[in-house]
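User: I'd like to learn how to read a few features in a model like this one. Can we go through them one at a time?

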Amino acid sequence: MSNSVLGNMATAAPDVAAMFGQKLMLDLRYYCAEPVAAGQCRTPLTELPPELFQLIRQHNIGGVILFAENLQTPAQIIRLTRQLQQAAAESSLGLPLFIGIDQEGGRVARLPRHWASSFSGNMAIGATYAEHGSHFASEVSRILAIELLALGINVNFAPTVDVNVNPQNPVINVRSYGEDAQRVAELGSANTQAMQQQGVLAALKHFPGHGDTHIDSHLGLPRVDHSAEQISRIDLYPFARIILDAQPAMIMTAHIQYPALDSSTFIAKDGQPLLKPATLSRTILTGVLREQLNYQGLIVTDALDMAGISHFFSPTEAVVATFAAGADIALMPLKVQSPAELAALPQLIAQLEAALAQQQLDAAEVVASYARIRKAKQQLRIGTEPEAEALKQAKQVLGQREHRAAELALARAAVTVVKGEAALPLRSAAGQRWLLLMPDTSKALALQHALQQLLAQQPGTAPLIEILSLQQLDMTTAKSKVAAADLLISGFISPMQSLVEMGGMDDLTPGMSLAVAYQQQRQQFAALLQQRAALQKPTVFISLRSPYEIADYAPYADWVLASYAYHTEQAPGQTPRGVVYQALAEVLLGKISATGQLPVTVEAIK
């Protein structure tokens with residue numbers, strides 16, 4: 001690094017350590033004040049402890065990401081985000097923090113659903129396109145942004161603009177708008193524009209595309225073997241279009257190998273040579289995203305603690321490599337979950353300074369990256385009103401009547417009748433026995449409540465509605481009840497919940513036990529539907545998430561519906577509810593007509 005470049009840095013930018021601090025975005029999900037083994041803390045951080053306040057202030061940290069564990073009540077969240085911004089304000093640079101969250105809607109929503117809006121997610125929006133165009137993409141994003149900003153959250157890691165062309169995709173599926181790249185681009189652009197118009201920075205993900213993978217990058221290193229032509233036409237198309245139409249503030253990288261874009265290799269920490277994933281590829285981040293697509297905003301990595309990176313690199317190696325590739329911000333580069341781990345942050349910054357001195361990083365690029373971060377932060381809206389006033393304003397918008405009405409409108413518009421539309425509505429009569437066979441009790445209760453509320457409007461016709469949970473299933477009892485019911489309404493969720501739904505790598509161990517339970521549930525569910533079909537008794541099947549599963553279960557059902565979402569909300573002490581279940585009940589009982597259309601191809605329905 002030449003003396004002239006050093007001289008320019010001294011006059012044009014702050015000290016190097018401060019710039020590197022701005023390029024880090026920390027995960028503060030857990031913090032234990034008492035000694036704990038590294039990586040084992042599970043105490044949610046709901047207020048900022050003094051030592052983390054000083055860490056942010058002293059090292060000019062650029063941002064943090066919040067998870068469900070950090071988010072309990074509006075008052076608590078506002079207090080926490082104010083504490084975080086105060087720490088940043090007292091730093092030498094005085095720049096505000098990026099305070100980010102994964103609030104995509106649908107599967108990935110961090111705010112408590114019983115008081116904040118969450119909506120049905122991207123594939124539900126994709127199902128409404130034929131009837132409503134981009135209306136719901138804009139409306140959902142607008143409302144989510146209003147609610148986030150009221151809490152002091154200014155970055156949303158959304159929308160997901162991956163084109164889901166792989167039915168076996170374990171991590172994207174319904175997080176995608178669908179399989180049509182042009183439609184994904186249009187809906188993603190509407191989402192991005194609406195979000196940023198409200199003052200929340202959008203972060204498109206996952207560049208250059210996570211739609212044709214069968215491995216979750218939380219667990220391994222996926223590879224996409226598309227040709228260069230396919231990549232341009234499918235994977236890159238939404239990013240290219242949205243960059244032109246909506247100028248997204250951020251784009252998130254994918255921990256995915258794309259050999260047609262970059263076939264170069266790296267040596268992993270175990271000595272194994274591997275293809276570079278996009279997060280570490282200069283060819284992809286700088287060559288394709290910056291130069292080919294002319295992207296001028298911020299490049300943020302996906303979480304660097306995911307196995308797609310952490311299994312092959314130490315934290316410092318990963319951060320140096322992604323900065324050298326062209327990333328501006330390293331997301332979740334290391335854990336700071338206890339006092340013993342706090343020293344790792346200044347050590348990382350010192351190692352980044354050493355990498356700069358050794359010309360592993362380019363000085364001019366570091367300065368340019370810092371300038372982009374500073375420019376983006378000029379757009380941030382930081383609340384200055386008293387905390388009590390901020391809370392009052394937040395309560396006026398969080399989950400307000402208009403927002404709840406929009407949630408229900410999307411759920412209604414998304415419901416798709418794939419089979420048996422001509423035979424709807426379901427006929428009910430007093431004395432009948434209906435059985436709801438659902439993935440768990442909360443979903444069964446939510447659908448039971450929705451059906452009973454509607455049937456109560458028709459005195460003398462309401463059947464007895466029983467519920468059965470796949471999580472608490474005795475097969476002998478289940479077979480007896482399935483055989484005896486006059487009508488079976490069944491629902492399933494495919495694929496199993498991914499780590500991104502549960503929060504990330506810290507939930508890896510329970511995730512593994514869930515896999516065993518999920519496979520058992522699949523087998524039991526299929527057996528019960530086959531038994532029912534042999535009896536030739538009326539059966540409804542509802543695909544509650546990824547509609548690809550319809551091909552497996554449609555042969556055993558008279559009616560098949562898709563909702564693309566399954567979440568319930570439950571205030572303490574109350575019965576589970578959910579707009580998805582209300583919409584499904586309304587379609588089944590003929591209160592509304594279903595207008596949704598499948599946004600992905602499903603194998604022939606029998």
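User: Which residue stands opposite L436 in strand 14?

Analyst: That's I489. Strands here are DSSP runs of E with at least two residues, and helices are runs of H or I with at least four, both numbered from the N terminus. Two strands pair if DSSP finds at least two bridges between them. Strand 12 (residues 433-438) and strand 14 (residues 487-492) run parallel and are joined by 4 bridges. Before we go on, this is a predicted model, where local features need pLDDT of at least 70, side-chain atom pairs count only at pLDDT 80 or more, and totals for chains, interfaces and linings use all residues. Residues are numbered from 1 along each chain as its sequence is written, and side-chain values use heavy atoms, with hydrogens and water left out.

User: In what order do the strands of the open sheet come?

Analyst: The order of the 6 strands is 11-16-15-14-12-13, with mixed pairing. Strand 11 (416-419) and strand 13 (464-469) are the edge strands, each pairing on one side only.

User: How do I read an aromatic pair?

Analyst: Such a pair of rings is described by the distance of the centres and the angle of the planes. Rings of Phe, Tyr and Trp (its six-membered ring) pair if their centres lie within 6.5 Å; planes under 30 degrees apart are stacked, over 60 edge-to-face, and the rest tilted. This structure has 10 aromatic pairs. Take F492 and F525: their ring centres are 4.9 Å apart and the planes sit at 20 degrees, so this pair is stacked. F492 is in strand 14 and F525 in helix 21 (residues 508-535), so the pair ties together parts 33 residues apart in sequence.

User: Is F492 buried or exposed?

Analyst: Buried means under 20% relative accessible area, exposed over 50%, and partly exposed in between (1.4 Å probe, protein chains only). F492 has 1% relative accessibility, so F492 counts as buried. F525, at 0%, is buried too.

User: What about Q22, and what is Q22 in contact with?

Analyst: Q22, in helix 2 (residues 16-22), is buried with a relative accessible area of 1%. Contact means heavy atoms within 4.5 Å. Leaving aside neighbours within four places in sequence, the contacts of Q22 include N60, L93, Y370 and K377.

User: And what comes after helix 8?

Analyst: G199 follows helix 8, and the phi of G199 is positive, near 100 degrees.
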